[in-house]
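Hi,

Here is the structure I said I would pass on. Have a look at it first, and then read my notes below.

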Amino acid sequence: MRIEIVEGDITSRHVDAIVNAANSSLLGGGGVDGAIHRAAGPELLEACRELRKTELPDGLSVGSAVATPGFRLPAQWVIHTVGPNRHAGQTDPALLASCFRQSLGVAKDLGARSLAFPAVSAGIYGWDAGEVASIAFDAVRRFDAENPDSGPELVEFVLFGQPTVDIFRDALEA
Ligand code: AR6
């Protein structure tokens, strides 16, 4: 598995799947969630509403992941995950590790060979970007070790701004 760090807008990535830093309602929000819904078009909200009507009546729990089509995005799928919200007292790193692990598991089940993550929980949910980076790289490497012949061969981290890119690069080299 290759891990790459990219500066830019995750909605423009030509990968098999992109991960959305959603909230439990799955019905949209600000940050990367808002950008993904705008770029994917209204069909994405419809697909999320359908999930709420069927398999997820109580919403998606923190640390879990679920897929929808990508609709108007270059990516074929969106994998929605819900990071822990530090402002709501969700400070357990295992919850954030679970977001990365479960998203990789969903990608594997879809047969996605390339996957792009944003810095889940490092925005509105208030986590330190360096902590997110080290939890993310650890989770990705563990997943790769446990799934040597399957799962994505390319995992990108697509980040807004050079400061966050530098933080992720330092964590990757650590
Ligand atoms: N491409 C890549 N990264 C982005 C983009 C983009 N288009 N837009 C923002 N980021 P956030 P969270 C970065 O707040 O902390 C929503 O309302 C951003 O700079 O999007 O998990 C949801 O509905 C930051 O580094 O996600 C939830 O309610 C990172 O993505 C809540 O926010 C994550 O920031 C989730 O908060």
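**The largest pocket**

A total of 26 residues line the largest pocket, and the ones nearest its centre are Ala21, Gly31, Val32, Ala119 and Gly123. Before you go further, keep in mind that this is a predicted model. Strand 2, helix 1 (31-40) and strand 6 are the elements that each supply two or more residues to that lining. Helix 1 gives the most, with four residues. As for the space inside, the largest pocket comes to about 590 Å³. If you sort its lining by class, you get 15 nonpolar residues, nine polar ones and two charged ones.

**Salt bridges**

Start with glutamate 156 and arginine 13, whose side chains form a salt bridge with an N to O distance of 2.8 Å. This one ties together distant parts of the chain: glutamate 156 sits in strand 6 (residues 154-159), while arginine 13 is in the loop between strand 1 (2-7) and strand 2 (17-22), and the two are 143 residues apart. Is glutamate 156 buried or exposed? Its relative accessibility is 4%, so glutamate 156 counts as buried. Arginine 13 has a relative accessibility of 24%, so it counts as partly exposed. The cut-off that matters for this pair is 20%, since buried means under that value.

In one, the side chains of glutamate 46 and arginine 49 meet at 3.2 Å, N to O.

What about their exposure? Glutamate 50 is partly exposed, with a relative accessible area of 41%. Lysine 53 reaches 63%, and since exposed means over 50%, lysine 53 counts as exposed.

That's what I have for now.

Cheers

Key:
Residues are numbered from 1 along each chain as its sequence is written. This is a predicted model: local features need pLDDT of at least 70, side-chain atom pairs count only at pLDDT 80 or more; totals for chains, interfaces and linings use all residues. Side-chain values use heavy atoms; hydrogens and water are left out. A salt bridge is a side-chain nitrogen of Lys or Arg within 4 Å of a carboxyl oxygen of Asp or Glu. Buried means under 20% relative accessible area, exposed over 50%, partly exposed in between (1.4 Å probe, protein chains only). On a 1 Å grid over the protein atoms alone, a cavity is a set of points where a 1.4 Å probe fits but cannot get out, and a pocket is an open set with protein on both sides within 12 Å along at least five of seven lines; lining residues have an atom within 4 Å of a point. Grid points are joined across faces, edges and corners, and a volume is the space filled by probe spheres set on the points. Ala, Val, Leu, Ile, Met, Phe, Trp, Tyr, Cys and Pro count as nonpolar, Asp, Glu, Lys and Arg as charged, and the others, Gly among them, as polar.
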